[in-house]
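User: Hey, I'm new to this one. Can you put it up and walk me through it?

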Amino acid sequence: MASSSSNIDLSGSVYCVVTGASQGIGRAIAIEVSKLLGPNSLLILLARNKQELSKTASLCETNNVKVVYESIDLTKATKTEMSDVLEKPLEGRKVVDFDIGLIFHNVGSLGNLSVETQRMENVEELRTYYDLNVFNVITLNTQFLKLFEEVEDRMIIVNITSLCAIKPMSGMAYYCSGKAAREMYFRVLAEEKKNIRVLNYSPGPVETSMIDYVLDEAVNDNLKDVFHTFKNQGTLLKPEVTAKKCMKVLLAGKFSPGEHVDYFDDE
Ligand SMILES: NC(=O)c1ccc[n+]([C@@H]2O[C@H](COP(=O)([O-])OP(=O)(O)OC[C@H]3O[C@@H](n4cnc5c(N)ncnc54)[C@H](OP(=O)(O)O)[C@@H]3O)[C@@H](O)[C@H]2O)c1
(Lines give C-alpha, C1' and ligand atoms only; values in the text may rest on other atoms or scores of the structure.)
Protein backbone atom coordinates (compact mmCIF):
# COMPACT_ATOMS: atom_id res chain seq x y z
CA MET A 1 0.00 0.00 0.00
CA ALA A 2 1.46 3.37 -0.98
CA SER A 3 1.90 5.70 1.90
CA SER A 4 0.96 9.32 1.38
CA SER A 5 -0.76 11.12 4.17
CA SER A 6 -1.72 11.30 7.77
CA ASN A 7 -4.06 9.45 10.08
CA ILE A 8 -7.76 10.16 9.88
CA ASP A 9 -9.46 11.22 13.10
CA LEU A 10 -13.18 10.52 13.37
CA SER A 11 -13.42 11.32 17.08
CA GLY A 12 -14.84 14.80 16.46
CA SER A 13 -18.24 15.72 15.09
CA VAL A 14 -18.71 13.74 11.88
CA TYR A 15 -21.39 13.94 9.21
CA CYS A 16 -21.49 10.41 7.74
CA VAL A 17 -23.53 8.76 4.98
CA VAL A 18 -23.68 5.03 4.22
CA THR A 19 -25.51 3.81 1.11
CA GLY A 20 -26.82 0.25 0.89
CA ALA A 21 -27.04 0.22 4.68
CA SER A 22 -30.02 -2.15 5.04
CA GLN A 23 -27.96 -5.36 5.03
CA GLY A 24 -24.63 -6.99 4.24
CA ILE A 25 -21.44 -4.97 4.09
CA GLY A 26 -23.25 -1.62 4.30
CA ARG A 27 -24.90 -2.55 7.58
CA ALA A 28 -21.55 -3.73 8.97
CA ILE A 29 -19.82 -0.52 7.84
CA ALA A 30 -22.53 1.57 9.50
CA ILE A 31 -22.13 -0.34 12.77
CA GLU A 32 -18.34 -0.15 12.75
CA VAL A 33 -18.15 3.53 11.83
CA SER A 34 -20.79 4.46 14.44
CA LYS A 35 -18.39 3.18 17.14
CA LEU A 36 -15.74 5.67 16.01
CA LEU A 37 -17.75 8.86 15.66
CA GLY A 38 -17.41 11.63 18.23
CA PRO A 39 -20.01 13.80 19.96
CA ASN A 40 -22.64 15.57 17.85
CA SER A 41 -22.13 13.26 14.89
CA LEU A 42 -24.84 12.50 12.36
CA LEU A 43 -25.14 9.14 10.59
CA ILE A 44 -27.41 8.92 7.55
CA LEU A 45 -28.36 5.44 6.33
CA LEU A 46 -29.77 4.95 2.83
CA ALA A 47 -31.32 1.98 1.00
CA ARG A 48 -34.85 0.95 -0.07
CA ASN A 49 -35.93 -1.42 2.71
CA LYS A 50 -37.09 0.80 5.57
CA GLN A 51 -37.61 -2.03 8.05
CA GLU A 52 -34.07 -3.33 7.59
CA LEU A 53 -32.70 0.22 7.70
CA SER A 54 -34.39 0.73 11.05
CA LYS A 55 -32.68 -2.45 12.31
CA THR A 56 -29.31 -1.11 11.19
CA ALA A 57 -30.10 2.23 12.81
CA SER A 58 -30.86 0.58 16.16
CA LEU A 59 -27.52 -1.25 15.96
CA CYS A 60 -25.71 2.07 15.40
CA GLU A 61 -27.17 4.10 18.27
CA THR A 62 -24.52 5.60 20.57
CA ASN A 63 -24.53 8.61 22.86
CA ASN A 64 -22.46 10.51 20.31
CA VAL A 65 -24.42 9.80 17.16
CA LYS A 66 -27.79 10.82 15.85
CA VAL A 67 -28.82 8.12 13.38
CA VAL A 68 -31.36 8.83 10.65
CA TYR A 69 -32.44 6.58 7.82
CA GLU A 70 -34.30 7.22 4.61
CA SER A 71 -35.79 4.80 2.11
CA ILE A 72 -34.63 5.82 -1.34
CA ASP A 73 -34.39 3.91 -4.60
CA LEU A 74 -30.99 4.95 -5.90
CA THR A 75 -31.75 3.55 -9.35
CA LYS A 76 -34.48 6.13 -9.87
CA ALA A 77 -33.73 9.01 -7.51
CA THR A 78 -33.33 12.46 -9.04
CA LYS A 79 -30.46 14.75 -8.09
CA THR A 80 -32.93 16.91 -6.12
CA GLU A 81 -34.10 13.89 -4.13
CA MET A 82 -30.49 12.98 -3.50
CA SER A 83 -29.52 16.44 -2.28
CA ASP A 84 -32.66 16.50 -0.08
CA VAL A 85 -31.75 13.21 1.49
CA LEU A 86 -28.31 14.61 2.37
CA GLU A 87 -29.52 18.02 3.55
CA LYS A 88 -32.75 17.39 5.46
CA PRO A 89 -31.14 15.43 8.33
CA LEU A 90 -29.01 18.51 9.07
CA GLU A 91 -32.15 20.15 10.52
CA GLY A 92 -30.65 23.60 10.28
CA ARG A 93 -27.12 22.63 11.33
CA LYS A 94 -24.39 23.91 9.02
CA VAL A 95 -21.84 21.59 7.44
CA VAL A 96 -19.10 23.84 8.82
CA ASP A 97 -20.18 22.69 12.28
CA PHE A 98 -18.84 19.22 11.44
CA ASP A 99 -15.15 18.38 11.63
CA ILE A 100 -15.48 15.73 8.92
CA GLY A 101 -17.90 14.92 6.07
CA LEU A 102 -17.66 11.22 5.27
CA ILE A 103 -19.53 9.12 2.70
CA PHE A 104 -19.40 5.39 2.00
CA HIS A 105 -20.63 4.58 -1.50
CA ASN A 106 -21.44 0.97 -0.70
CA VAL A 107 -24.63 0.44 -2.72
CA GLY A 108 -24.23 -2.14 -5.44
CA SER A 109 -25.83 -4.92 -7.43
CA LEU A 110 -24.53 -7.71 -9.62
CA GLY A 111 -26.51 -7.19 -12.81
CA ASN A 112 -27.80 -9.90 -15.10
CA LEU A 113 -25.70 -13.03 -14.57
CA SER A 114 -27.91 -15.16 -16.80
CA VAL A 115 -26.89 -13.54 -20.06
CA GLU A 116 -23.64 -14.63 -21.67
CA THR A 117 -21.20 -11.81 -22.32
CA GLN A 118 -21.20 -12.43 -26.08
CA ARG A 119 -25.00 -12.05 -26.11
CA MET A 120 -25.33 -8.77 -24.23
CA GLU A 121 -27.61 -6.45 -26.20
CA ASN A 122 -30.33 -5.28 -23.83
CA VAL A 123 -29.18 -1.70 -23.55
CA GLU A 124 -32.19 -0.68 -21.46
CA GLU A 125 -31.30 -3.27 -18.83
CA LEU A 126 -27.63 -2.33 -18.95
CA ARG A 127 -28.53 1.33 -18.57
CA THR A 128 -30.66 0.59 -15.50
CA TYR A 129 -27.72 -1.33 -14.06
CA TYR A 130 -25.40 1.59 -14.69
CA ASP A 131 -27.95 4.03 -13.25
CA LEU A 132 -27.64 2.40 -9.80
CA ASN A 133 -24.02 1.34 -9.86
CA VAL A 134 -22.30 4.16 -11.71
CA PHE A 135 -24.36 7.19 -12.81
CA ASN A 136 -26.27 7.70 -9.57
CA VAL A 137 -23.22 6.98 -7.44
CA ILE A 138 -21.56 9.85 -9.28
CA THR A 139 -24.68 12.04 -8.95
CA LEU A 140 -24.99 11.37 -5.22
CA ASN A 141 -21.30 12.05 -4.78
CA THR A 142 -21.69 15.34 -6.63
CA GLN A 143 -24.47 16.37 -4.21
CA PHE A 144 -22.14 15.49 -1.32
CA LEU A 145 -19.30 17.53 -2.90
CA LYS A 146 -21.63 20.52 -3.31
CA LEU A 147 -22.80 20.25 0.30
CA PHE A 148 -19.26 20.35 1.68
CA GLU A 149 -17.88 22.73 -0.96
CA GLU A 150 -16.89 25.46 1.51
CA VAL A 151 -14.96 23.01 3.71
CA GLU A 152 -13.63 20.80 0.97
CA ASP A 153 -10.62 19.56 2.93
CA ARG A 154 -12.90 18.00 5.55
CA MET A 155 -14.34 15.52 3.04
CA ILE A 156 -13.55 11.80 3.04
CA ILE A 157 -14.99 9.56 0.34
CA VAL A 158 -14.93 5.77 0.44
CA ASN A 159 -16.04 3.81 -2.60
CA ILE A 160 -16.73 0.14 -1.94
CA THR A 161 -15.15 -1.43 -4.98
CA SER A 162 -14.17 -4.99 -5.87
CA LEU A 163 -11.34 -7.03 -7.26
CA CYS A 164 -13.68 -7.21 -10.26
CA ALA A 165 -12.95 -3.51 -10.94
CA ILE A 166 -9.36 -4.37 -11.85
CA LYS A 167 -9.49 -8.07 -12.77
CA PRO A 168 -11.92 -9.60 -15.27
CA MET A 169 -14.18 -12.34 -13.95
CA SER A 170 -15.94 -14.60 -16.46
CA GLY A 171 -19.71 -14.21 -16.48
CA MET A 172 -19.71 -10.83 -14.73
CA ALA A 173 -19.49 -8.28 -17.54
CA TYR A 174 -22.16 -6.00 -16.03
CA TYR A 175 -20.51 -6.05 -12.61
CA CYS A 176 -16.85 -5.82 -13.70
CA SER A 177 -17.42 -3.02 -16.21
CA GLY A 178 -19.59 -1.07 -13.75
CA LYS A 179 -17.11 -1.46 -10.89
CA ALA A 180 -14.23 -0.43 -13.18
CA ALA A 181 -16.04 2.71 -14.37
CA ARG A 182 -17.10 3.65 -10.84
CA GLU A 183 -13.60 3.17 -9.42
CA MET A 184 -12.01 5.19 -12.22
CA TYR A 185 -14.42 8.09 -11.60
CA PHE A 186 -13.24 8.20 -7.96
CA ARG A 187 -9.61 7.94 -9.03
CA VAL A 188 -10.00 10.88 -11.40
CA LEU A 189 -11.71 12.90 -8.67
CA ALA A 190 -8.88 12.06 -6.27
CA GLU A 191 -6.34 13.12 -8.88
CA GLU A 192 -8.03 16.50 -9.25
CA LYS A 193 -8.87 17.13 -5.59
CA LYS A 194 -5.81 16.28 -3.55
CA ASN A 195 -7.34 17.94 -0.48
CA ILE A 196 -10.19 15.40 -0.42
CA ARG A 197 -9.32 11.94 0.95
CA VAL A 198 -10.60 9.29 -1.47
CA LEU A 199 -10.29 5.54 -0.86
CA ASN A 200 -11.40 2.67 -3.09
CA TYR A 201 -11.83 -0.21 -0.63
CA SER A 202 -12.23 -3.74 -1.98
CA PRO A 203 -13.82 -5.91 0.73
CA GLY A 204 -12.83 -9.39 -0.50
CA PRO A 205 -15.36 -12.21 -0.92
CA VAL A 206 -17.99 -11.61 1.77
CA GLU A 207 -20.89 -13.74 2.98
CA THR A 208 -23.89 -11.64 1.91
CA SER A 209 -26.96 -12.09 -0.26
CA MET A 210 -24.77 -11.26 -3.27
CA ILE A 211 -23.07 -14.64 -2.99
CA ASP A 212 -26.39 -16.53 -3.02
CA TYR A 213 -27.49 -14.44 -5.99
CA VAL A 214 -24.41 -15.57 -7.94
CA LEU A 215 -25.03 -19.23 -7.05
CA ASP A 216 -28.72 -18.94 -8.05
CA GLU A 217 -28.39 -16.87 -11.22
CA ALA A 218 -25.00 -17.42 -12.87
CA VAL A 219 -24.89 -19.28 -16.18
CA ASN A 220 -21.12 -19.15 -16.50
CA ASP A 221 -19.59 -22.41 -15.21
CA ASN A 222 -16.32 -20.81 -14.15
CA LEU A 223 -18.16 -18.21 -12.11
CA LYS A 224 -20.33 -20.85 -10.42
CA ASP A 225 -17.25 -22.96 -9.63
CA VAL A 226 -15.40 -20.01 -8.06
CA PHE A 227 -18.34 -19.12 -5.81
CA HIS A 228 -19.13 -22.75 -4.90
CA THR A 229 -15.50 -23.10 -3.81
CA PHE A 230 -15.73 -19.93 -1.72
CA LYS A 231 -18.84 -21.25 -0.01
CA ASN A 232 -17.77 -24.87 0.44
CA GLN A 233 -14.28 -24.06 1.69
CA GLY A 234 -15.60 -21.52 4.16
CA THR A 235 -13.33 -18.81 2.77
CA LEU A 236 -16.02 -16.12 2.72
CA LEU A 237 -15.43 -13.25 5.11
CA LYS A 238 -18.04 -12.11 7.59
CA PRO A 239 -19.29 -8.57 6.83
CA GLU A 240 -18.09 -7.28 10.20
CA VAL A 241 -14.57 -8.59 9.58
CA THR A 242 -14.12 -6.68 6.33
CA ALA A 243 -15.91 -3.62 7.74
CA LYS A 244 -13.44 -3.53 10.63
CA LYS A 245 -10.55 -3.77 8.14
CA CYS A 246 -12.06 -0.93 6.12
CA MET A 247 -12.09 1.25 9.27
CA LYS A 248 -8.50 0.27 10.03
CA VAL A 249 -7.35 1.26 6.53
CA LEU A 250 -9.32 4.48 6.73
CA LEU A 251 -8.07 5.54 10.16
CA ALA A 252 -4.44 4.72 9.30
CA GLY A 253 -4.82 7.06 6.32
CA LYS A 254 -1.84 5.57 4.48
CA PHE A 255 -3.64 5.22 1.15
CA SER A 256 -2.65 7.42 -1.76
CA PRO A 257 -5.37 9.50 -3.51
CA GLY A 258 -8.00 7.13 -4.91
CA GLU A 259 -5.93 4.06 -4.15
CA HIS A 260 -7.53 0.62 -4.56
CA VAL A 261 -6.88 -1.13 -1.24
CA ASP A 262 -7.97 -4.75 -0.93
CA TYR A 263 -8.87 -6.60 2.27
CA PHE A 264 -5.99 -9.00 1.55
CA ASP A 265 -3.35 -6.34 0.88
CA ASP A 266 -0.38 -6.28 3.22
CA GLU A 267 -0.55 -3.62 5.85
N1 LIG B 1 -20.31 -9.58 -1.10
C2 LIG B 1 -19.14 -9.60 -1.70
O3 LIG B 1 -18.47 -10.64 -1.78
C4 LIG B 1 -18.57 -8.34 -2.31
C5 LIG B 1 -17.27 -8.39 -2.84
C6 LIG B 1 -16.72 -7.22 -3.38
C7 LIG B 1 -17.44 -6.05 -3.38
N8 LIG B 1 -18.70 -6.03 -2.86
C9 LIG B 1 -19.42 -4.76 -2.90
O10 LIG B 1 -19.88 -4.41 -1.61
C11 LIG B 1 -21.07 -3.63 -1.71
C12 LIG B 1 -22.15 -4.22 -0.81
O13 LIG B 1 -22.40 -5.55 -1.24
P14 LIG B 1 -23.14 -6.66 -0.34
O15 LIG B 1 -22.47 -7.94 -0.65
O16 LIG B 1 -23.29 -6.18 1.05
O17 LIG B 1 -24.54 -6.68 -1.10
P18 LIG B 1 -26.04 -6.81 -0.60
O19 LIG B 1 -26.11 -7.63 0.65
O20 LIG B 1 -26.82 -7.25 -1.79
O21 LIG B 1 -26.41 -5.31 -0.23
C22 LIG B 1 -26.64 -4.34 -1.20
C23 LIG B 1 -27.18 -3.09 -0.54
O24 LIG B 1 -27.50 -2.16 -1.59
C25 LIG B 1 -28.86 -1.72 -1.42
N26 LIG B 1 -29.50 -1.47 -2.71
C27 LIG B 1 -29.62 -2.33 -3.75
N28 LIG B 1 -30.34 -1.77 -4.73
C29 LIG B 1 -30.67 -0.52 -4.30
C30 LIG B 1 -31.42 0.56 -4.85
N31 LIG B 1 -32.00 0.46 -6.05
N32 LIG B 1 -31.53 1.70 -4.15
C33 LIG B 1 -30.98 1.82 -2.91
N34 LIG B 1 -30.27 0.84 -2.33
C35 LIG B 1 -30.13 -0.32 -3.02
C36 LIG B 1 -29.55 -2.87 -0.69
O37 LIG B 1 -30.65 -2.41 0.06
P38 LIG B 1 -32.21 -2.46 -0.36
O39 LIG B 1 -32.44 -3.76 -1.03
O40 LIG B 1 -32.89 -2.29 0.95
O41 LIG B 1 -32.41 -1.28 -1.24
C42 LIG B 1 -28.46 -3.34 0.25
O43 LIG B 1 -28.46 -2.57 1.43
C44 LIG B 1 -21.43 -3.61 -3.19
O45 LIG B 1 -21.00 -2.40 -3.78
C46 LIG B 1 -20.68 -4.79 -3.74
O47 LIG B 1 -20.40 -4.65 -5.12
C48 LIG B 1 -19.27 -7.14 -2.34
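This is a predicted model: local features need pLDDT of at least 70, side-chain atom pairs count only at pLDDT 80 or more; totals for chains, interfaces and linings use all residues.

User: How many residues surround the ligand, and which are the closest?
Analyst: 30 residues surround the ligand, and the closest are Ser22, Arg48, Asn106, Tyr175 and Thr208. Residues are numbered from 1 along each chain as its sequence is written, and side-chain values use heavy atoms, with hydrogens and water left out.

User: How far is a polar side-chain atom of Tyr175 from an oxygen atom of the ligand?
Analyst: That distance is 2.5 Å. For Arg48, a polar side-chain atom lies 2.7 Å from a ligand oxygen atom.

User: And what class of residues is in the shell around the ligand?
Analyst: The shell has 14 nonpolar, 13 polar and 3 charged residues. Here Asp, Glu, Lys and Arg count as charged, Ala, Val, Leu, Ile, Met, Phe, Trp, Tyr, Cys and Pro as nonpolar, and the others, Gly among them, as polar.

User: Which helix gives the most to that shell?
Analyst: α6 does, with 3 residues. Helices here are DSSP runs (H or I, at least four residues), numbered from the N terminus.

User: New topic: how many salt bridges does the structure hold?
Analyst: 12, each being a side-chain nitrogen of Lys or Arg within 4 Å of a carboxyl oxygen of Asp or Glu. One of them joins the side chains of Arg27 and Glu52 at 3.0 Å, N to O. Arg27 lies in helix α1 and Glu52 in helix α2 (residues 50-60), so this pair ties together parts 25 residues apart in sequence.

Terms used:
A residue is near a molecule or strand if one of its heavy atoms lies within 4 Å of it. A polar contact is a pair of N or O atoms within 3.5 Å; within protein, one must be able to donate a hydrogen and the other to accept it, and residues adjacent in sequence count only if both atoms are side-chain atoms. Helices (H or I, at least four residues) and strands (E, at least two) are DSSP runs, numbered from the N terminus.
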